[in-house]
Structures are given as C-alpha cells and as structure tokens.
Amino acid sequence: MEIAQAIKKRRTIHIFSNKSVPREVIEKSIVAANQAPCHRRTFPWRFTNIGMKKRELLYQLQLTLKFGEMPIDDSNLKKIRDKFLNPSHLLIATQVCTDNQVQKLEDYAACACAIQNLSLSLVADDVGCKWSTGKITTDPNTYQIAEINPSEEEIVGFIWIGYGTKPPLIKRPLISTIYRERD
C-alpha cells in the first residue's frame, strides 16, 4: 500500500470484533513505531502489550471510575465490556519521564509520531486501531495493573488494535484553510 493511501485509509475504529490479529502484524507495527523521528535521539516511547487477565482488571477499574457505586444498566455494561475485551490487542503507550520540560514536550511529539507510524503500519495490513486517553490512563491503579512504574514512564494512551467497523469518512478542512505561503 502506498503511504498516501495508508494515510487516507487510517481511521479511528470504535467498534471491534474479537477476531485475533496475528502476532507478526503487531510486531511489524512496533518496528514501524520505533522508526519515528526523535529530537536528541531520546527514543522515549514504550509499548506494553496487556493480556486478557489484566484487561479484565482494567475493565473492572473503568466501571468503578465511571459509575462508582451507582447501578449499571446492561447496555452500558456491554458497551464498556466490548470496548475493553473485544479488540484483539491493547497496547499501553508510555513516555519515558524527564524533568526537562522542553525535552518532555519534544518527547511527547516523538511518542505521537511513533503511535502514528504504528497506526499506519496496522492500516497497511488492514488492521484498525484507536488511541484513547481519559481518566483510566492517569489512574494510579492502571499503572499498578500494567506493572508500569509512574516515576519512570507516563502513560500517553491506550492503543486498541483489531478488526472492526470502519467509520464513515469525515469532511476535512480545505487545504486553503490550513496551509499558507509567505514571501
């Protein structure tokens, strides 16, 4: 697949089937992620593949964070369960911590580039993904469940990977509204 086609085809998947993505496809996407541009060669990205036992714990944590002690109707329960347990893989993307605020910003940009490379590699193999953040990605229990040391790495998002329903194309801004030339 040509890169321009992969860029246009890459879309955030929200509804996944439980069909398994081959390990080789995941590994290939990690290799692509590792080719991301990186100022000062800090290579700040890390990816942790979370298995089903830990995903079940994250699912329970999400229910607690979202609903607390409130009763949960079957529709919401199924929606959240499918979100956490249907995708073939869950990678937790993290950024290596630094006290240097300029480097931290540059490293976050590098991590975003790595995630985009990973996403483009997946779409080239007809696999979808979703980069998500939210309360669960900052909760201390998530770090504990994933066995990630928060003093060494900061979670920048969950990367859900799998086969699923592709959303409709969205209307993008005209190039003339986002691109300028100055003499």
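Ring pairs join Phe84, Phe158 and Trp160 into a cluster; rings of Phe, Tyr and Trp (the six-membered ring for Trp) are paired here if their centres lie within 6.5 Å, with planes under 30 degrees apart called stacked, over 60 edge-to-face and the rest tilted. The model is a predicted one, in which local features need pLDDT of at least 70 and side-chain atom pairs count only at pLDDT 80 or more, while totals for chains, interfaces and linings use all residues. Residues are numbered from 1 along each chain as its sequence is written, and side-chain values use heavy atoms, with hydrogens and water left out.

A search of the whole structure turns up three aromatic pairs. One of them, Phe84 with Trp160, is edge-to-face, at 5.1 Å centre to centre and 80° between the planes. Phe84 belongs to helix α4 (residues 74–85) and Trp160 to strand β5, so this pair ties together parts that are 76 residues apart in sequence. Helices (H or I, at least four residues) and strands (E, at least two) are DSSP runs, numbered from the N terminus. Phe158 and Trp160 also pair edge-to-face, because their ring centres are 5.8 Å apart and their planes stand at 75°. As for accessibility, Phe84 is buried at a relative accessible area of 1%, Trp160 is buried at 1%, and Phe158 is likewise buried at 1%. Buried means under 20% relative accessible area, exposed over 50%, and partly exposed in between (1.4 Å probe, protein chains only).

Setting aside neighbours within four places in sequence, Gln62 is in contact with Ile80, Phe84 and Ile136, contact being heavy atoms within 4.5 Å. With 14% relative accessibility, Gln62 counts as buried.

Next comes helix α5. Its 24 residues (101–124) should span 34 Å at 1.5 Å a residue, and the end C-alpha atoms are 35 Å apart, which agrees; the expected span is 1.5 Å times one less than the number of residues. At the start of α5, a side-chain oxygen of Asn100 comes to within 3.0 Å of the backbone nitrogen of Val102. After the helix comes Asp126, with a positive phi near 60°. The buried residues of α5 include Gln103, Asp107, Cys111, Ile115 and Leu118, along with Val123. Among the elements covering the buried residues of α5 are α1 (3–9), α2 (23–33), β2 (45–50), β3 (89–96), β4 (128–132) and β5 (153–162).

Helix α1 holds Lys8, which is exposed at a relative accessible area of 69%. The C-alpha atoms of Lys8 and Val123 are 9.8 Å apart, although 115 residues separate them along the chain.

Strand β1 (residues 15–16) contains Ile15, which counts as exposed at 56% relative accessibility. Not counting residues up to four places away in sequence, Ile15 touches Gly164 and Thr165. Ile15 and Ile26, eleven residues apart in sequence, are 19 Å apart in space, C-alpha to C-alpha. Elsewhere, the charged end of Lys19 sits over the ring of Tyr163, 4.5 Å from its centre; the criterion is NZ of Lys or CZ of Arg within 6 Å of the ring centre and within 35 degrees of the ring normal.

As for the record, an unreviewed UniProt entry annotates residues 7–163 as "domain: Nitroreductase"; such annotations may be inferred rather than shown by experiment. Over residues 7–163 the chain is 49% helix and 20% strand, with the end C-alpha atoms 17 Å apart.

How values were computed:
Polar contact = N/O pair within 3.5 Å; in protein donor to acceptor, adjacent residues only side chain to side chain.
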